[in-house]
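Please look at the sequence and the 3D structure shown below before reading on. The report that follows is meant to be read with both in view.

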Amino acid sequence: MTIKKKFIVLASARTGSTMLCRTLNEHPSITCYGELFINNEEVPWMLDKTIQRGLPSLYASKDAREKDPVRFINDVMTYHQETDIFGFKLMISQNESVLRWVISQPDWQIINLYRSNLLSVYGATKVARASRQSHVEIGERVNQIKVHFDATEFNNLLQFNQTRRRQVDQMLVEKQHNYFPLDYLALSSESGIDQVLNYLDPTPKKELTPQLAKRHDWNVLDRFANPEVVEKYLIQHNLCEWLVEQPFKN
């Protein structure tokens, strides 16, 4: 096997991870899969795209991929001996054993992708589901839609994301694994992809253009059909900084 570097993108929903993986695949020295451990019974079309990219058909079912996940990952890598850098995306809510295994491997580089504004995560998730437009291709028409804010629903998402992110961060600290923390706002800046490329350090040097469009502007409140309820909630919980997102300045 000629793979020189291996990496994983640890992410949660609506953090720009699909855009990142798609963009990295534009580099001639990088092969980056999406969610190898996605539940394809829930999202079958996503695995179909993965199979088309060279995943052995014997791993079409989730059970086959998770029976021996380390062997599965190694098998996938054998199909990409021509690449210098191999990686894939793992959502922090997915296979726990894979997460712990990768963190324990010093030769795997880790991109720890997160999004601090969880109101934006919540709104973007609901819009994607309601519009059936998970991602927006460059030049694609955006289905404009507003969603309803539900405080109980949002609290559940808030608790899960914050708790799970703390758990993942603690695992990284305990294993003393070096990793690259990447905020969604940094990734959304003009130099965001360059920062990732500097971390992975592929050869040759090449500028990459993001392969997906950003769906929303930076005014988070505009995504909701009941903005007055959202604003009241944020005031009550001292979270008014989540009303607007702003990418980092280069």
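Predicted model: local features only at pLDDT ≥ 70, side-chain atom pairs only at ≥ 80, totals over all residues.

Residues are numbered from 1 along each chain as its sequence is written, and side-chain values use heavy atoms, with hydrogens and water left out.

**The nonpolar cores**

A nonpolar core is here a set of buried Ala, Val, Leu, Ile, Met, Phe, Trp, Tyr and Cys residues joined through side-chain atoms within 4.5 Å. The word buried stands for under 20% relative accessible area, exposed for over 50%, and partly exposed for what lies in between (1.4 Å probe, protein chains only). The largest nonpolar core has 26 residues, and Ile73, Phe88 and Trp108 are the ones that touch the most other members. Two or more residues of this core are given by each of strand S1 (5-11), helix H4 (69-78), strand S3 (85-91), helix H5 (96-103), strand S4 (108-114) and helix H7 (151-174). Helices (H or I, at least four residues) and strands (E, at least two) are DSSP runs, numbered from the N terminus. Helix H5 provides the largest share of this core, 5 residues.

Which residues does Phe88 contact, leaving aside its neighbours within four places in sequence? Where contact means heavy atoms within 4.5 Å, Phe88 is in contact with Phe7, Ile8, Val9, Cys32, Tyr33, Gly34, Leu36, Phe37, Ile73, Val98 and Trp108. Another core, of 23 residues, lies apart from the largest one, and Val9, Leu20, Ile85 and Val196 are among its residues.

**Helices H5 and H7**

The axes of H5 and H7 come within 10 Å and cross at roughly 35°, where axes are lines fitted to C-alpha atoms, for helices over the stretch in contact, and angles run from 0 to 180 degrees between N-to-C directions. From H5, the residues Glu96, Leu99, Arg100 and Ile103 make the contact, and from H7 it is made by Arg164, Val168, Met171 and Leu172. The residues of this contact divide into 5 nonpolar, no polar and 3 charged, given that Ala, Val, Leu, Ile, Met, Phe, Trp, Tyr, Cys and Pro count as nonpolar, Asp, Glu, Lys and Arg as charged, and the others, Gly among them, as polar.

**Helix H1 and the cysteines**

Helix H1 (residues 17-24) is largely enclosed by the rest of the structure, because 7 of its 8 residues are buried. The buried residues in H1 are Ser17, Thr18, Met19, Leu20, Cys21, Thr23 and Leu24.

How many disulfides does the structure hold? The structure holds 0 disulfides, a disulfide being a pair of cysteine sulfur atoms within 2.5 Å. Cys32 is in no disulfide, and the nearest cysteine sulfur, that of Cys21, is 3.5 Å away. Cys32 is buried, with a relative accessible area of 2%, whereas Cys240 is partly exposed at 36%.

**Backbone features in the loops**

Arg14, in the loop between S1 and H1, has a positive phi of about 60° although it is not a glycine. Asp201 is not a glycine either, and its phi is positive, at about 55°; the place of Asp201 is in the loop between H9 and S7. That loop, between helix H9 (192-200) and strand S7 (212-213), also holds Pro204, and a cis peptide bond with omega of about 5° joins Thr203 and Pro204.

**Single residues and their surroundings**

The table lists the relative accessibility of some residues.

| Residue | Relative accessibility | Class |
|---|---|---|
| Arg14 | 23% | partly exposed |
| Gln94 | 16% | buried |
| Phe154 | 0% | buried |
| Asp201 | 38% | partly exposed |
| Phe224 | 2% | buried |

Gln94 is found in the loop between S3 and H5 and, not counting residues up to four places away in sequence, touches Glu35, Phe37 and Ile38. Phe154 lies in helix H7, and beyond four places in sequence the residues that it touches are Leu118, Leu119, Tyr122, Phe149, Tyr233 and Trp242. Phe154 and Gly123 are 31 residues apart in sequence and 9.2 Å apart in space, C-alpha to C-alpha.

Phe224 lies in the loop between S7 and helix H10 (227-236). Although Phe224 and Val127 are 97 residues apart in sequence, they are 9.1 Å apart in space, C-alpha to C-alpha.
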